[in-house]
Amino acid sequence: MSYKTPLGKVRGLGSAKAGTDHFWEQRMSALANLPLVIGVLIIGFIVWGKPYNEVIAFLQHPLVAIILALFVINTCVHMRLGMQVVIEDYVNSDFQKVIFLALNTFFCVLVGFSALYALAKINFGM
Amino acid sequence: MANSSSKRVRPLSPHLAIYKPTITMVMSIVHRITGVGLYFGMAILAWWLISASMGAMSFDFVESILKSFIGYIVMIAFTWALIHHALGGIRHFIWDLGKGLTEQHRYKIAWATIIGSASLTALLWIAGFILS
């Protein structure tokens, strides 16, 4: 027998009130990614097959480095939001869901910071 | 909550398997699959950048993997997924603006995403092979 009031029983079980933010951030990061993807495709096209020295010199060009850094940050934000929806759709147990949502964030932060670290080292510290 | 009710056999609503596939449905699924693929593909980009930051030896090692037969398949698949997901995103933006929602337009832009992504990917890689 519970002494909780009916209101107390349902508190915290409703929506997280984060849905609109999630939707809007997904769309804004998608919009920002359209020009960045075009830039990254051009960078990839130029760089593919080039020897090491030329690749490094190319990655040290400010425009290339900035486009790549923005692409990495924006994509990691975007893909975290996207994977969150996939996890919420397919993982039904609450415990597993929390674990996967945490792993999702860890993965995106790890990938993003690794790429940014490498870009910073190539540009400032080789 | 979900666990206690799932022990009883509950009636199911009709789902994926009973519908005849339509191009809009397939493109919706492909949009999600390419998104998940790109998610893990980003680790390859980070790995490639890290190797470039470490020196010629590690860079050449990663490049030799990326330029193997399987490497080429993964790189071409990554290019296609990136372009397809971007075109799929544009499709969603058109819908967000309240346009392209009639039956005729829905099918047209669904076909446009797959035809567009396949031809742009082919164009990029063929141009790359010719120039190299």
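This is a predicted model: local features need pLDDT of at least 70, side-chain atom pairs count only at pLDDT 80 or more; totals for chains, interfaces and linings use all residues.
Between chain B and chain A, six residue pairs are in polar contact, with both partners at pLDDT 80 or more. Helix H2 of chain B gives the largest share, 14 residues. Sorted by class, the side of chain B that touches chain A holds 27 nonpolar, six polar and five charged residues.

Let us turn to the extent of the interface. How many residues does each chain bring to the contact? Chain B brings 38 residues, and chain A brings 40 residues. Together the two chains bury about 3,200 Å², and 79% of that area is on carbon and sulfur atoms. Within chain B, the residues that lose the most area to chain A are B:Arg32, B:Tyr39 and B:Met42, which together account for 22% of what that side buries.

I now come to the charged pairs. As a general point, side chains of opposite charge can pair when their charged atoms come close. Over all chains, the count comes to three salt bridges. Across the interface of chain B and chain A, the rule finds two salt bridges.

One of these links B:Asp96 with A:Arg27, and their closest N and O atoms are 2.3 Å apart. This pair crosses between chains, running from helix H4 of chain B, where B:Asp96 sits, to helix H2 of chain A, where A:Arg27 sits. Are these two residues buried or partly exposed? B:Asp96 counts as partly exposed, because its relative accessibility is 42%. A:Arg27 has a relative accessibility of 18%, under the 20% limit, and therefore counts as buried.

Another salt bridge joins A:Asp89 and B:Arg32, with the closest N and O atoms 2.8 Å apart. A:Asp89 lies in helix H4 of chain A and B:Arg32 lies in helix H2 of chain B, so this pair also joins two chains. Both residues are partly exposed: A:Asp89 has a relative accessibility of 41%, and B:Arg32 has a relative accessible area of 26%. You will recall B:Arg32 from the residues of chain B that lose the most area to chain A.

There is also a salt bridge within chain B, where the side chains of B:Lys67 and B:Glu63 meet at 2.8 Å, N to O. Here B:Lys67 is partly exposed at 30% relative accessibility, whereas B:Glu63 is buried at 8%.

Next, I would like to consider several residues in the helices numbered H4. B:Leu82 is placed in helix H4 of chain B and, at 9% relative accessibility, counts as buried. Which residues does B:Leu82 touch, leaving out those up to four places away in sequence? They are A:Val37, A:Leu41 and B:Leu38. B:Leu82 also lies 7.4 Å from B:Thr34, C-alpha to C-alpha, although the two are 48 residues apart in sequence.

B:Arg91 belongs to helix H4 of chain B. With a relative accessible area of 3%, B:Arg91 falls under the 20% limit and so counts as buried. Beyond its neighbours within four places in sequence, B:Arg91 is in contact with B:Met27, B:Ser28, B:Ile109, B:Ala110 and B:Thr113. The C-alpha atoms of B:Arg91 and B:Ala112 are separated by 9.2 Å, and the residues are 21 apart along the chain.

In chain A, A:His78 is found in helix H4, residues 62–90. A:His78 is buried at 14% relative accessibility. Setting aside residues up to four places away in sequence, A:His78 touches A:Gln26, A:Ser29, A:Ala30 and, in chain B, B:His85.

What of the cysteines? A search of the whole structure finds zero disulfides over all chains.

I close with the backbone of a single residue. Most residues other than glycine have a negative phi. A:Lys17, however, has a positive phi, near 60 degrees. A:Lys17 is placed in the loop between helix H1 (6–10) and helix H2 (19–47) of chain A, and is exposed, with a relative accessible area of 74%.

Technical notes:
Residues are numbered from 1 along each chain as its sequence is written. Chains are lettered from A and ligands numbered from 1 in the order in which they are written. Side-chain values use heavy atoms; hydrogens and water are left out. Contact means heavy atoms within 4.5 Å. Buried area is the accessible area (1.4 Å probe) that two parts lose on being put together, summed over both. A salt bridge is a side-chain nitrogen of Lys or Arg within 4 Å of a carboxyl oxygen of Asp or Glu. A polar contact is a pair of N or O atoms within 3.5 Å; within protein, one must be able to donate a hydrogen and the other to accept it, and residues adjacent in sequence count only if both atoms are side-chain atoms. Helices (H or I, at least four residues) and strands (E, at least two) are DSSP runs, numbered from the N terminus. Ala, Val, Leu, Ile, Met, Phe, Trp, Tyr, Cys and Pro count as nonpolar, Asp, Glu, Lys and Arg as charged, and the others, Gly among them, as polar. Buried means under 20% relative accessible area, exposed over 50%, partly exposed in between (1.4 Å probe, protein chains only). A disulfide is a pair of cysteine sulfur atoms within 2.5 Å.
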